[in-house]
Number of protein chains: 2
Amino acid sequence: MTDAFLVGAGQSGYGAFPEESYRSLFRTAFDATTESVPKGLMASEIDEAFVGTLGVGGRQLGLSGPAVTEHVGLDGVPCTRVENACAASGFAVRQAVQAVKSGMADVVLAGGFEVMSDMSSDATKYWLGVSGETEWERLSGTTFAGVYAQMASAHMERYDTTRKQLSRVAVKNHANGAKNPHAQLGFECSLDEAQSAPTVAEPLNLYHCCPTSDGAACALIVSEDVVDEYTDDPIRVAGVGAGSDSVGLFQRDSYVGVPASERAAEAAYDMAGLTPEDLDFAEVHDCFAIAELLAYEDLHFCEKGEAGALVESGATALDGDLPVNTSGGLKSKGHPIGATGAGQVVEAFKQLSGEAGERQVENPVRGLTHNVGGSGGAAVVHIFEKETAVSA
Amino acid sequence: MTDAFLVGAGQSGYGAFPEESYRSLFRTAFDATTESVPKGLMASEIDEAFVGTLGVGGRQLGLSGPAVTEHVGLDGVPCTRVENACAASGFAVRQAVQAVKSGMADVVLAGGFEVMSDMSSDATKYWLGVSGETEWERLSGTTFAGVYAQMASAHMERYDTTRKQLSRVAVKNHANGAKNPHAQLGFECSLDEAQSAPTVAEPLNLYHCCPTSDGAACALIVSEDVVDEYTDDPIRVAGVGAGSDSVGLFQRDSYVGVPASERAAEAAYDMAGLTPEDLDFAEVHDCFAIAELLAYEDLHFCEKGEAGALVESGATALDGDLPVNTSGGLKSKGHPIGATGAGQVVEAFKQLSGEAGERQVENPVRGLTHNVGGSGGAAVVHIFEKETAVSA
């Protein structure tokens, strides 16, 4: 089985772009991606594509993959839309890895997009709700923030996690996002501000919730047969893991963890032969502040119940032992649903290529990305490893 | 790279089932699938799943894959929804093949489902429209039947294809469907009936259009490492091909063919090292009668413009040289959008296993399935080959 390599990744800005369409945003991301390939890559060299989108607003619900790949000139190239809610393009990246490893393709584009900013707040509530369980969650009035609020309450109750610790996630991620020119909310916030924001869903306040965003992101995965044509500094996809779970939170045994994340992480560590100690940075799915804390535990960055203390210790800050969400995360960088997973890979690519600017981690060799669908109905984890540094 | 094998496939009935949900239909298909495996297969042996659905009606638009796989007990197993409109589960089967060939999974479930019968005709028109191009086709009032009507008109104009030839597709497929206990419209129709039905979209009449359907179907794809555990009569996935195209018909150079189908077929023949002459039967995407005629040409069963004559000759009837749509096709068996591609594989499995009852083709060795998304924005072709017969 061939190894798979990440040779390029790029994105549009995340934010509200009334002048753009889902197609134009995807083109921006696609162009940034091909331009990021060290030795260059022509669209005509792409064998296959996977595109993730939830299809918020129903603009192009069917065939939304080919609708964007044809727009960027991938004439005739097989394109498959994958959708696992907020993990849509994380799974698109995973499919690209499978396509390469299957020997059926050498150069595969994985991307995602979403346009959310032109909807009313009621429409947004509806469309976010579709990532929850429809019949017994959404139709009975549960909002997406409400689902994560229940998880936060449970974690606070069980482990004495505090609102202040939740707010520290926001402070950290805004500090990082302020260094990312692609971030939607690219400004710092103080602990006071993050503590005193209006409540969205008790105990989560506005600073504990990511924004709704427009945006697109892509990554290029290639086989070992062709990797030398595209780069002299290969970044290997060392590990990939995925897991699923009941879509409805109410169907699960526990609210204080995301079993799909844990399964995905264990599979990825196992495939890579690595442990969390081997990582130099991680991009985790912080749609709500509690989600980042759960990720610390599910990805085994710390023991169960210790995530609040971990963020408080500064270990996951940009200058900490394991910087988390150097991009700003979903909280500050933004969360255009279908783009988010591929966007995390963009940050991994930038960090491992030494092109993360002011937020650059020092000489990173290995990074992890973690993308969750819904409240944990699906999760996918990738571990990327710089080959040259490892052998050097 | 490992070979991939089809070891089981099963489906629910297709039709209108007001007492069923998308989950219960999927369970019926899943149970039929595991029971069809010659040496048996436990749900716990499944490593991964791909589920295709358009999500008609928006019941569970996000995470609709895990929503059904968790329901049938695939706890924690990675599940990815794939969507390429009416080709959703044809692409799910293709992803299962890639997953197996990648070495990342040994036993993979591919399936699909749709529930359509409980919608008003306006809602149906909306939801079918999402498989067309949204901004310039759907929102400007083009229906799905209207898109295929344009293709029919173009073919009739260019090649003197007749309404009678279109009607012969319906007569043939209903004759086959009448022999299929799972068919939604399992009755024969006369050429007179198929000629004199009310117009839906000129020149297509009611007998030139498939019904809307509820239903689910699944298939099991395994690696060569484990195939012996499941069957003594392996059916190899000899060829897989896929192609994409502009989603809007109006964006294409020609209306008298589906380039994505042709690309998919050529890739599948190439991978299999086979030609159409090697096939013993085929299931093709006949959402409208014209679509079956276009398929004959795109899949190289005949030259361009000769499809009308081919169906008229009887060559594609059950007792012809190359029986097409022995199941009844989308026209008579039914077309629950997300289930259709996997449902075609169910027919291939039954034929190659000698379990197609009254519609059994004599000793078939190779069969092809062909699944189209929208009016040709995506297409996928599989070629299945019975190993024992080949080596015998």
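**Exercise 1. Find which elements of chain B the buried residues of H7(B) pack against in this predicted model.**

Solution. Start with the helix itself: H7 of chain B runs over residues 163-177. Next, check its length. At 1.5 Å a residue, its 15 residues should span 21 Å, and because the end C-alpha atoms are 21 Å apart, the expectation and the model agree. Then pick out the buried positions, among them B:Leu166, B:Val169, B:Ala170 and B:His174. Finally, list the partners: the buried residues pack against helices H6 (144-159), H8 (191-196), H11 (289-298), H12 (307-313) and H13 (329-332), as well as strand S6 (204-205), of chain B.

**Exercise 2. Describe the surroundings of A:Glu48.**

Solution. A relative accessible area of 1% is under 20%, so A:Glu48 counts as buried. Turn to the neighbours: A:Glu48 touches residues of chain A, including A:Val77 and A:Leu109, and also B:Arg94, B:Gln95 and B:Gln98. With B:Arg94 there is a side-chain polar contact of 2.7 Å.

**Exercise 3. Characterise the interface of chain A and chain B.**

Solution. Begin with area: the two chains bury about 4,200 Å² between them, with 52% of it on carbon and sulfur atoms. In chain A, the residues losing the most area to chain B are A:Leu63, A:Gln98 and A:Met104, together 16% of what that side buries. Each chain's share of the contact is 58 residues. Now count the charged pairs: there are eight salt bridges across the interface. One of them joins B:Glu133 to A:Arg23, with the closest N and O atoms 3.0 Å apart. Last, H3(A) supplies seven residues, the largest share of the side of chain A that touches chain B.

Conventions
Residues are numbered from 1 along each chain as its sequence is written. Chains are lettered from A and ligands numbered from 1 in the order in which they are written. This is a predicted model: local features need pLDDT of at least 70, side-chain atom pairs count only at pLDDT 80 or more; totals for chains, interfaces and linings use all residues. Side-chain values use heavy atoms; hydrogens and water are left out. Helices (H or I, at least four residues) and strands (E, at least two) are DSSP runs, numbered from the N terminus. The expected span of a helix is 1.5 Å times one less than its number of residues. Buried means under 20% relative accessible area, exposed over 50%, partly exposed in between (1.4 Å probe, protein chains only). Contact means heavy atoms within 4.5 Å. A polar contact is a pair of N or O atoms within 3.5 Å; within protein, one must be able to donate a hydrogen and the other to accept it, and residues adjacent in sequence count only if both atoms are side-chain atoms. Buried area is the accessible area (1.4 Å probe) that two parts lose on being put together, summed over both. A salt bridge is a side-chain nitrogen of Lys or Arg within 4 Å of a carboxyl oxygen of Asp or Glu. Lists of a residue's contacts leave out its neighbours within four places in sequence.
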